Amino acid sequence: MRRRAPDFRRPVKRRIPNVVWIFCLIILLIFIVILSKENKIEPRPTFPKRSSRHERIMEGLNITDEMLNANSVTRQLTDQISLAKAIVVIAKESNNLQFAWELSAQIRNSQSLLSNAATRRTPLTTGESETAVRDMALLLYQAQQLHYDCATMIMRLKAKIQAQEEHTSALNEKSSKYGQIAAEEVPKSLYCLGVRLTTEWFGNIDLQRNFENKKTQVKLLDNSLYHFCVFSDNILATSVVVNSTAFNSKNPDMVVFHLVTDEINYAAMNAWFALDSFRGVTIEVQKFEDFTWLNASYVPVLKQLQDAETQSYYFSGSSGDGRTPIKFRNPKYLSMLNHLRFYIPEVFPALKKVVFLDDDVVVQKDLSGLFSIDLNGNVNGAVETCMETFHRYHKYLNYSHPLIREHFDPDACGWAFGMNVFDLVEWRKRNVTGIYHYWQEKNIDRTLWKLGTLPPGLLTFYGLTEPLNPAWHVLGLGYTDVDPQLIEKGAVLHFNGNSKPWLKIGMEKYKPLWDKYIDYSHPLLQQCNFH
């Protein structure tokens with residue numbers, strides 16, 4: 001039989017066995033591994049040759065590689081410990097103390113293994129950690145059966161966070177309440193001083209006669225002098241204002257102080273200022289109960305005091321809805337001594353210009369320059385406080401109310417009470433007290449503002465305030481840190497805030513600024529334990 005010659009024009013298809021393919025693949029993989037190891041080798045500087053044992057130890061020191069390695073026993077143990085610590089917390093909260101103890105013991109065991117490995121500077125081996133990993137895994141499985149799994153833990157932790165937030169909120173409310181109480185308290189020493197001075201006043205006719213003789217009626221009405229007014233029931237604080245002003249005045253004999261207090265402190269205030277000359281300044285003391293024009297038919301605040309709802313809001317200790325902060329419900333904001341600043345023309349009908357001072361200020365410069373400042377037809381000269389955004393009008397007023405929204409720019413600059421120059425001629429001409437009455441009556445339901453005398457002051461003197469140089473009035477010494485340079489340059493330092501210098505909660509670093517104007521060696525202060 002004749003054989004057929006092969007056809008070289010078509011390729012001959014030969015079947016390659018699968019075993020050959022597998023063998024080639026293995027060879028290729030080995031080749032790739034060899035190349036990759038060679039590529040990882042970096043040139044090293046020449047060092048003295050070290051033993052292979054030292055190199056093995058140094059390789060074991062690469063903790064980062066060890067932790068990133070998915071097969072690392074160290075990483076597995078560390079992950080187990082982290083999870084176990086979280087479960088211990090949950091177990092304790094569930095009162096499963098036995099299980100929490102077992103888990104804590106296993107955590108200590110695993111930590112001991114890791115510590116030993118770190119000490120000998122070699123990684124953990126599977127053999128030495130197998131028992132620890134298995135025992136911890138069993139405990140973690142048991143925790144899952146007890147519903148200590150991740151989902152349950154997340155829910156419990158969320159509940160715990162919410163409970164902690166509510167607890168924190170309650171503590172903040174208590175802190176605010178107690179802080180407010182501490183700020184409103186009358187120190188025993190101050191109460192003692194009032195009682196002793198009252199006794200001295202009524203028991204010493206000569207003291208009364210001398211004080212009346214020191215007052216010169218002509219000076220009280222002389223508009224060429226420097227007239228200051230303070231409305232306060234705090235004898236010592238008022239004394240510091242008067243004494244610091246007199247001490248730093250270039251012409252104390254031209255300074256006239258008009259003090260207004262209440263009937264309770266009237267005798268004591270008279271007695272205190274009768275006992276000292278205060279460098280020759282003229283001092284007048286009045287009590288607001290003697291002002292016949294101050295009645296409920298004229299003064300909205302007095303009318304509000306007669307309202308049962310208002311009395312409940314300010315004096316019951318609860319706001320009804322429970323959401324109004326306690327500081328907004330402070331009865332002092334209805335005190336007439338606090339609101340008399342809006343009736344200065346009525347209190348001093350003969351005066352043309354006065355400087356109003358709060359009783360928590362200290363004067364450390366001569367203030368006669370305030371009386372020559374041109375207010376450019378405005379009524380109120382004040383230092384603006386809008387260097388920060390939170391001291392603009394929108395901070396103090398309710399701009400959701402249409403009356404506020406329509407009449408006042410929310411970004412208008414706020415200013416401070418505490419040291420103000422008032423042009424009483426312009427005040428009377430523009431009927432500023434009438435403007436104040438209008439806004440007080442509109443706010444009978446407390447929807448325009450809630451707190452204090454500054455918000456109605458911002459409304460009343462809107463467009464009627466002349467900005468003063470900030471050095472005239474430095475604020476914040478009763479609640480925050482103040483730049484020492486500002487304090488040094490400041491003419492009037494204001495301890496606004498709860499930390500008044502006469503209270504235990506006063507800021508210690510600023511107290512010396514106030515204490516320097518008190519003679520603690522005075523017999524009455526000694527008897528009342530002032531120090």
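1. A charge is taken to sit over a ring if NZ of Lys or CZ of Arg is within 6 Å of the ring centre and within 35 degrees of the ring normal. R341 lies over the face of F417, at 4.9 Å from the ring centre, and the charged end of K287 sits over the ring of Y266, 4.4 Å from its centre.

2. The model is a predicted one, in which local features need pLDDT of at least 70 and side-chain atom pairs count only at pLDDT 80 or more, while totals for chains, interfaces and linings use all residues. Residues are numbered from 1 along each chain as its sequence is written, and side-chain values use heavy atoms, with hydrogens and water left out.

3. The whole structure contains 28 aromatic pairs, where rings of Phe, Tyr and Trp (its six-membered ring) pair if their centres lie within 6.5 Å, and planes under 30 degrees apart count as stacked, over 60 as edge-to-face and the rest as tilted. The pair W293 and Y298 is edge-to-face, because the ring centres are 6.4 Å apart and the planes stand at 90°. Y298 is partly exposed, with a relative accessible area of 32% (buried means under 20%, exposed over 50%, partly exposed in between, with a 1.4 Å probe and protein chains only).

4. The rings of W502 and W514, with centres 5.8 Å apart and planes at 45°, form a tilted pair. W502 lies in the loop between β10 (492-494) and α23 (511-515), and W514 in helix α23, so the pair ties together parts twelve residues apart in sequence; helices (H or I, at least four residues) and strands (E, at least two) are DSSP runs, numbered from the N terminus. W514 counts as buried, at 1% relative accessibility.
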